[in-house]
Amino acid sequence: MFCYQCQETAGNKGCTVKGVCGKTADVANLQDMLVWQTKGLAILANKLRAKGEQISKQVNHMVSKNLFITITNANFDDEAIVREIYKTMDMKKELLSKLSDEEKQGLKDVVFYDERDAAKLLEKATKIGILSIADENIRSLKELITYGLKGMAAYVKHANNLRKDDEEVDAFIQDTLEQLLDENKTLDELVALTLKTGEFGVKGMALLDGANTSAYGHPEITKVNIGVGKNPGILISGHDLFDMKMLLEQTQGTGVDVYTHSEMLPANYYPELKKYPNFVGNYGGAWYAQKDDFENFNGVILMTTNCIVPPKDSYKDRMYTTGAAGYPGCKHIEGEPGEHKDFSELIEHAKKCPAPKEIETGYIVGGFAHNQVFALADKVVEAVKTGAIKKFVVMGGCDGRQKGRSYYTEFAEALPKDAVILTAGCAKYRYNKLNLGDIGGIPRVLDAGQCNDSYSLAVIALKLKEVFELDDINKLPIVFNIAWYEQKAVIVLLALLYLGVKNIHLGPTLPGFLSPAVANVLVENFGIAGIGTVEDDMKLFFE
Ligand code: FS2
Ligand code: SF4
């Protein structure tokens, strides 16, 4: 195996024996195979599209789900991944049947590859992975684009669950997957494709934003309870709001309460979700804290997406997965995009569990997505004009296990009192319980939501640019100090680069998949930099 797609990759170089995330070599290789087969499927879809044929939603959804499955910490289940590979091979056959023998001429081997023997499949998987690209700079850019596509696909898949599709975004993903197999691509062409990926990342996030807000209303300022009730509960984690809604509906009147964990916290901000009386609040911290949080929770856990940490035996039998998520030995709740899912087994299971153990009390405040911030626009603009707010600091992104991430807590604490944090994603758990106060009623931590709600942060920045009549987003009093971990953060980064944001600081380490030359391109053209000490960065940003 070779995998270097996340921030915790071994030695910041690559996991080669087993993933730091817990992924086995077989799972890593099968994920490579799934991505490769998805490229084969994409080639066929592109060919049919070019002939003027309509590509079915089933194909588009399959491409997005396959990519999502390979995101860090989403799916550890080798048998489930093999099933998806076979389904993809079946779909290729179906699309191939629509081409004449002449049209099949010259198509790449991947289009025809169909191997149902698991051992042979694994053997082949070791030959088509990341290291099959010899040139380290081409490899670096192709992987940067691949990770951007994976992040975009995750957002698209959530929108698909809410029956929203954007054929233009699907077509882009599939066209780009095919381009990634082109061995003649130059570095310049790949840099251009990287920015194009960012452009479609914005479209993908806009699609999901529209899907979420049209289904559940606009997030609004909300005090989220972090204590517990007396009933047994189900703890729902990951990012899928459609699963959340179905769970809330099905638990009504059962005596089972619902709590969010990690990236599901922002579900508390949506009017159509927070209205349910048995939706108690949020339990615990960021994804990496789940081993303690899930043990303490006592009840049933539902993982709708990443980030799964290999579970402890103490709660493994209480953990269920659904959608793109999977873990061997944990029951998977089936359901295609947009389909009704039956959570009755979880509810019956939860009824037999003790109530959650109280680990903290109080509340956290969030719900500052674009609509809510626009409602406060006059107040915000006034505070900037009077100098009450001197700077906005975008600190969105991911949290993670590494000790060095305490930097973000210390950085938030050290900020000047006239600075406001704009955040989205699980990175906020490093500072969202610090009680950093407010500026004239505007909280100093404005949480827009999940990592995909970084879209809101971009919309807010563009609005401020318009209000202050600036010709360049970089003239705003905003600094970007973003934390990354997995591939959704990559698409957020590419989206910001496409929007023209310069001088983004990215930590806690720069990606291991960036070769020195590619890192240099990002530094020279976009001013991307890492992080330093809190003291040095305070001087850099505020003096
Ligand atoms: Fe956090 Fe994990 Fe949100 Fe990432 S819960 S690192 O998936 O996508 O952010
Ligand atoms: Fe390693 Fe990250 Fe890949 Fe897991 S996802 S194998 S930790 S690089």
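Glu 469 is exposed, with a relative accessible area of 72%, where exposed means over 50%, buried under 20% and partly exposed in between (1.4 Å probe, protein chains only). Glu 469 sits in the loop between helix H18 (454–467) and strand E14 (478–483); helices (H or I, at least four residues) and strands (E, at least two) are DSSP runs, numbered from the N terminus. Although not a glycine, Glu 469 has a positive phi of about 50°. The structure is a predicted model, in which local features need pLDDT of at least 70 and side-chain atom pairs count only at pLDDT 80 or more, while totals for chains, interfaces and linings use all residues. Residues are numbered from 1 along each chain as its sequence is written, chains are lettered from A and ligands numbered from 1 in the order in which they are written, and side-chain values use heavy atoms, with hydrogens and water left out.

Another positive phi, of about 60°, belongs to Arg 163, again not a glycine. Arg 163 lies in the loop between H7 and helix H8 (167–179) and counts as exposed at 63% relative accessibility.

The domain assignment, automatic or from a database, gives domain 1 (10–202), domain 2 (222–351) and domain 3 (367–542). The centres of domain 2 and domain 3, taken over C-alpha atoms, are 28 Å apart. Contact (heavy atoms within 4.5 Å) links 22 residues of domain 2 with 20 residues of domain 3. The buried area, meaning the accessible area (1.4 Å probe) that two parts lose on being put together, summed over both, is about 1500 Å² between these domains, with 56% from carbon and sulfur atoms. On the domain 2 side, Glu 263, Trp 287 and Tyr 288 lose the most area to domain 3, together 37% of what that side buries.

Glu 220 is found in the loop between helix H9 (187–216) and strand E1 (222–225) and is partly exposed, at 30% relative accessible area. Leaving aside neighbours within four places in sequence, the contacts of Glu 220 include Tyr 269, Lys 274 and Gln 372.
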